Amino acid sequence: MTLSATREWDFSSEQGKANYKAAQRRYPAQAIVDLAALRDNMRHLVSVVGGPHSGTAVMGIVKADAYGHGLVPAALAALAGGATWLGTAQSHEALLLRKAGIGPDRCHILTWVYSGAEVPFDELVDNDIDISVGSLAGIDGVAAAARRLGKTARVHVKVDSGFGRNGFTPAGFDAALAKLVPLAKEGVLHIVGQWSHLAVADAPDVPEFVASTDMQVETFKDFTRRMEAAGIPPEIRHLANTAATLSRPEIHFELTRPGIGLYGYEADPAMGTPSTYSLKPAMTLQAQLGTVKDVEAGHGISYGRTYLTPSDTSTAIVPLGYADGIHRSASGFDMEGAKHVTKPGGPVRVMTSEGPRLYRVSGRVCMDQFILDLHGSAAELGIHEGDNVELFGPGRGEDYAEPTADDWGHAADTISYEIFTCLRNRIPRLYEHATDVLSAEDLAKLDPASIL
Ligand SMILES: *Cc1c(COP(=O)(O)O)cnc(C)c1O
């Protein structure tokens with residue numbers, strides 16, 4: 001009898017159950033994404049901006065394979081939740097969305113990362129994908145493609161209001177306007193939007209950061225005034241990421257761009273927990289235990305002997321490592337180990353015969369595996385090879401001992417965003433509630449083997 005530390009999955013059919021078993025045979029860990037949670041998070045974000053008729057639309061940010069959740073399934077769930085825009089950084093992913101059959105009749109798609117001469121502007125314009133322009137070379141490239149195709153390109157003018165990444169600076173903006181105005185008049189470019197990105201919107205309790213966001217907003221509005229004065233007023237403006245969508249209603253403008261909120265997380269644990277914002281983490285990362293065995297006190301665990309067992313105990317192998325995207329920085333050290341420092345490793349929820357317990361990565365994370373010190377006898381605890389353990393999930397309640405990606409972010413000195421996006425695609429992605437959330441037509445866009 002194997003124990004499971006995750007909740008029971010809600011299978012849609014016998015085929016869904018068979019898909020689950022097949023995924024376990026294929027790989028001893030699975031990332032299971034609840035599409036109902038994604039849809040509901042988007043519904044909530046839409047309600048936060050005042051609902052579908054508020055004059056503020058919501059763009060679901062699905063860059064980087066939807067933060068590791070799977071581009072097409074996550075995009076479809078976001079649309080089911082009321083998003084009317086999708087956004088990807090890389091143009092490659094914007095094109096994949098259109099290729100999956102998400103047409104311009106359903107949503108606008110914005111893309112903003114490209115560089116050099118070999119950019120598929122033609123394909124983007126041809127597929128009705130909105131393109132960000134934040135450099136003079138970018139304007140030239142988009143305009144040339146639009147002329148070649150004989151089709152007006154939809155662009156969003158990116159301004160650097162203080163982030164220091166993409167976009168025109170206030171000093172460089174006259175040169176941009178000088179190029180944009182005639183192209184707009186000629187009908188080569190349709191100036192759809194003006195946009196920018198915030199640097200510290202996730203720290204609403206740090207006065208210095210609030211002041212710097214206020215400055216960004218003022219600078220952003222100055223850019224709008226300059227576009228208006230030049231005769232190319234933006235139809236829509238957008239500035240707010242998840243943090244600002246949740247905490248700064250005054251800068252929702254005509255569109256907001258939440259990413260992490262769609263996946264069920266707040267931007268920074270300093271802001272609270274997902275439940276503070278009525279968000280539900282959508283992904284659960286689970287694995288099936290490898291070798292479980294007894295070892296003696298003082299036994300070194302993993303490379304570098306950074307952890308020595310403090311007493312006679314049992315250990316269990318979790319078959320995930322840094323080649324799966326488990327951060328090596330989430331390794332666990334103890335005082336007895338070679339480093340003589342205590343550093344708790346990433347958390348893992350394990351079911352025992354006495355109920356769930358939270359264990360920590362013991363010793364260094366290896367390429368394909370890491371080890372847990374079970375602090376007791378596996379036989380007495382009822383822990384066996386093959387048991388289903390949970391690295392992170394929705395974080396159900398304090399007493400439930402269920403870690404979240406924020407806890408892994410803390411253990412690895414990073415953020416939840418990096419925890420998700422580092423998960424390699426050799427870990428199967430499986431979708432719960434796909435049949436509840438998606439129409440038959442959309443369901444057909446998913447890999448059938450991924451539907452639970
Ligand atoms: C990633 C990204 C977002 C979404 O940010 P979150 O913090 O995940 O909400 C919005 N806009 C731009 C330009 C981005 O790159």
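Author: Happy to; we can go through the overall build, the domains and then the salt bridges. Keep in mind that this is a predicted model.

Reader: Which domains is the chain divided into?

Author: There is domain 1, covering 35-266, and domain 2, covering 283-427. Their centres, taken over C-alpha atoms, are separated by 39 Å. Eight residues from domain 1 and eleven residues from domain 2 take part in the contact.

Reader: How much area do domain 1 and domain 2 bury between them?

Author: About 840 Å², with 59% of it on carbon and sulfur atoms. On the domain 1 side, Tyr67, Ile260 and Tyr265 supply 57% of the area buried against domain 2, more than any other three residues.

Reader: What classes of residue does domain 1 use to touch domain 2?

Author: That side of domain 1 has four nonpolar, two polar and two charged residues.

Reader: Nice. And how many salt bridges are there between domain 1 and domain 2?

Author: Zero salt bridges. What you do get between domain 1 and domain 2 is one residue pair in polar contact.

Reader: New topic, then: how many salt bridges does the count come to overall?

Author: The count comes to 23 salt bridges. One to look at is aspartate 40 with arginine 43, where the closest N and O atoms are 3.6 Å apart.

Reader: Where do aspartate 40 and arginine 43 sit relative to each other in helix H2?

Author: Helix H2 runs over residues 35-48, and aspartate 40 and arginine 43 are three residues apart in it, so about one helical turn separates them.

Note on methods: Residues numbered from 1 in each chain as written. Predicted model: local features only at pLDDT ≥ 70, side-chain atom pairs only at ≥ 80, totals over all residues. Heavy atoms only, no water. Domains from an automatic or database assignment. Contact = heavy atoms within 4.5 Å. Buried area = accessible area lost by both parts, 1.4 Å probe. Salt bridge = Lys/Arg side-chain N within 4 Å of Asp/Glu carboxyl O. Polar contact = N/O pair within 3.5 Å; in protein donor to acceptor, adjacent residues only side chain to side chain. Nonpolar A, V, L, I, M, F, W, Y, C, P; charged D, E, K, R; others polar. Helix = DSSP H or I, 4+ residues; strand = E, 2+ residues; numbered from the N terminus.
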